[in-house]
Amino acid sequence: MNTHPATPETIAEGARILRAGGLVAFPTETVYGLGADATQPDAVARIFEAKGRPTFNPLIVHLGSADWITEIANPDDRFHKLAQAFWPGPLSLVLKQANGSPIAQLATAGLESIAVRCPMGVIANALLNASGRPLAAPSANRSGAISPTHADHVAESLGNKVDLILDGGPCSIGLESTVLDLTTAEAVILRPGAITPEQINAVIGAVTMAASTEHTPKSPGQMLSHYAPTLPLRLNATTVAPREAYLGFGPTAGATLNLSEGGDLSEAATNLFAMLRSLDDPRRFIAIAAAPVPETGLGIAINDRLRRAAFQ
Ligand code: TXA
Ligand code: MG
């Protein structure tokens, strides 16, 4: 078994593994990440191999603090304002890479831009600071599958492809970070997350939402069939058919599991991926039906992930 509770000792071991070019899965406030030293091409290549991820899909580079941005990217005023307001936290910012950036080209899929974020988790932060390296870290799941919010999910999905899995318990937010493109005059949300358009707008002004199409060249993670369970998923279900699993929200009669009986969106976000995983059981069910979730605040990100999970 390569899963260990995160302690000062196992975090120090994780930092050694990372500096030596290995892979360490670690918890963040959003989901578990599969980390490698972003400056080592071979280490980054191992991420793509372990996940079965297409090499045209760039990774998010995690930083110990906003100061680490120097040499990596050319930040503008909007970056400084947003980092000040939301870092450490669930917001990834896409910037133009700096000339002579030390980041391996594979990490950014050869793009001129780079996505960076400073995660909020104590363990993630300790690992970044102990390794002293920017860490490329996609969600720690096989490409296209549901993101992991528990260490067990990582072990099930990637197992011995990871040198060390640091177990820090369940992730508090449960949905991947908001990805915001700052390479254009008007900021564009490429992936909705816990930091909402309203919150971004309050700090930098106008922001738009990228259209969700099957192949958005700007952000391959926008591809519609993503975060997919193996069973078909039916959305906005107000009734349930025989042998369907029913994922409820708010008071939902006949729910197999309920994202939040009290209708709380942040509780629903935290539960979403773990509940989808547990209902994705072809021995018990033929399909999953999901109750409607309001399209407001965090509900925008929840519905985004549900739509992707439902896309066949
Ligand atoms: O919450 C998160 O962001 C988690 C944790 C581990 O930090 N990470 C995560 O990584 O969700 P990943 O690789 O599963 O998703 C990264 C997303 C993808 O949609 C990718 O296409 C987009 O970020 N992305 C990365 N670099 C980009 C770039 N230069 N331009 C546009 N999109 C980019
Ligand atoms: Mg992912």
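I take contact to mean heavy atoms within 4.5 Å. The model is predicted, so I note that local features need pLDDT of at least 70, that side-chain atom pairs count only at pLDDT 80 or more, and that totals for chains, interfaces and linings use all residues. Residues are numbered from 1 along each chain as its sequence is written, and side-chain values use heavy atoms, with hydrogens and water left out.

**Entry 1: Ile286**

I looked up Ile286 and found it in the loop between helix H7 (265-279) and strand S15 (287-290). Helices (H or I, at least four residues) and strands (E, at least two) are DSSP runs, numbered from the N terminus. For exposure I use relative accessible area: buried is under 20%, exposed is over 50%, and partly exposed lies in between (1.4 Å probe, protein chains only). Ile286 has a value of 46% and is partly exposed. Setting aside neighbours within four places in sequence, I list its contacts as Leu231, Pro232, Pro242, Arg243 and Glu244. I also checked Ala245, which is 41 residues from Ile286 along the chain; their C-alpha atoms are separated by 7.8 Å.

**Entry 2: Ala187**

Ala187 belongs to strand S10 (residues 187-191). Its relative accessibility is 1%, and Ala187 counts as buried. Beyond neighbours within four places in sequence, Ala187 is in contact with Arg78, Leu180, Asp181, Leu182, Ile204, Ala206, Val207 and Thr208. Ile146 is 41 residues from Ala187 in sequence, and I find the two C-alpha atoms 27 Å apart in space.

**Entry 3: Helix H1**

I next turned to H1 (residues 8-19), a helix of 12 residues. From first C-alpha to last it reaches 17 Å, close to the 16 Å expected at 1.5 Å a residue; the expected span is 1.5 Å times one less than the number of residues. Which residues of H1 are buried? They are Thr10, Ile11, Gly14, Ala15, Ile17 and Leu18. Down the axis of H1 these buried residues fall within an arc of 160°, so they line one face of the helix; the arc is that of the directions from the helix axis to the C-beta atoms. An α-helix has 3.6 residues a turn, so residues three or four places apart point the same way. The face of H1 turned away from the buried side carries the exposed residues Pro8 and Glu9. I record that the buried residues of H1 pack against several elements, among them strand S1 (3-5), strand S2 (24-26) and helix H4 (122-131). Gly21 follows H1 and has a positive phi, near 95°.

**Entry 4: Helix H2**

In H2 (residues 41-51), I find Ala43, Val44, Ile47, Phe48, Ala50 and Lys51 buried. The buried residues of H2 pack against S3, S7 and helix H5 (151-158). After H2 comes Gly52, with a positive phi near 65°.

**Entry 5: The largest cavity**

On a 1 Å grid over the protein atoms alone, a cavity is a set of points where a 1.4 Å probe fits but cannot get out, and lining residues have an atom within 4 Å of a point. The structure holds 1 cavity of 30 Å³ or more. The largest cavity has a volume of about 40 Å³, a volume being the space filled by probe spheres set on the points. Its lining consists of Pro192, Gly193, Ile195, Thr196, Pro197, Gly297, Ile300 and Ala301.

Key. Chains lettered and ligands numbered in written order. 1 Å grid on protein atoms, 1.4 Å probe; cavity = no way out; pocket = protein on both sides within 12 Å on 5 of 7 lines; lining within 4 Å.
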